[in-house]
Amino acid sequence: MRWGDMDAYGHINNVQIVRMLEEARIAAFGPPGGAGLPGQEPPVSLFNDVAPGTMALVVEHKIRYVRTLDYRNIPAIVEIWVGAVKGASFDLHYLIKDPVTREDCVKATTHLAFVDEGTGRVLRLTPEQRQRLEPYTA
């Protein structure tokens, strides 16, 4: 959480919550290929290990704000796991918790798909991608 993530009510703004989901997704599964410079390897190489010309795109977000996430000068707890894995898409689920009280604050799901940059067509998940996701599926 950053100081500037607060809104006029003193809690983390809903737009910043979506950014926190993105940061958790990238930390867990890697930055998209060609984005930025090399850094720490993610726990699961997925987004950073796709064929050139493949984009990992968000299809949909679903967010439920269970209680406000108040600003603290320590990181929030973000749990992330894999939900449904389909032929050409998959879901990531998140739970954001207050870092002190450990209370659930946000429950969210992101539906993602890989897309061919040149054609805009959705790509089927490869057996290797499915295998990488399987241990994290709940």
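The model is predicted, so local features need pLDDT of at least 70 and side-chain atom pairs count only at pLDDT 80 or more, while totals for chains, interfaces and linings use all residues. Residues are numbered from 1 along each chain as its sequence is written, and side-chain values use heavy atoms, with hydrogens and water left out.

Select residues 14–29 to begin, which form helix 1 (helices are DSSP runs of H or I with at least four residues, strands are runs of E with at least two, and both are numbered from the N terminus). At the start of helix 1, a side-chain oxygen of Asn 13 comes to within 2.8 Å of the backbone nitrogen of Val 15, a polar contact (a pair of N or O atoms within 3.5 Å, in which, within protein, one must be able to donate a hydrogen and the other to accept it, and residues adjacent in sequence count only if both atoms are side-chain atoms). After helix 1 comes Gly 30, with a positive phi near 90°.

Next, select strand 2 (77–85) and strand 3 (89–97), which run antiparallel and are joined by seven bridges (two strands pair if DSSP finds at least two bridges between them). Glu 79 has Leu 95 in strand 3 as its bridge partner, and a hairpin of three residues connects strand 2 to strand 3.

Finally, select Arg 124, in the loop between strand 5 (122–123) and helix 2. Arg 124 counts as exposed because its relative accessibility is 62% (buried means under 20% relative accessible area, exposed over 50%, and partly exposed in between, with a 1.4 Å probe and protein chains only).

Methods: Expected span 1.5 Å × (residues − 1). Contact = heavy atoms within 4.5 Å.
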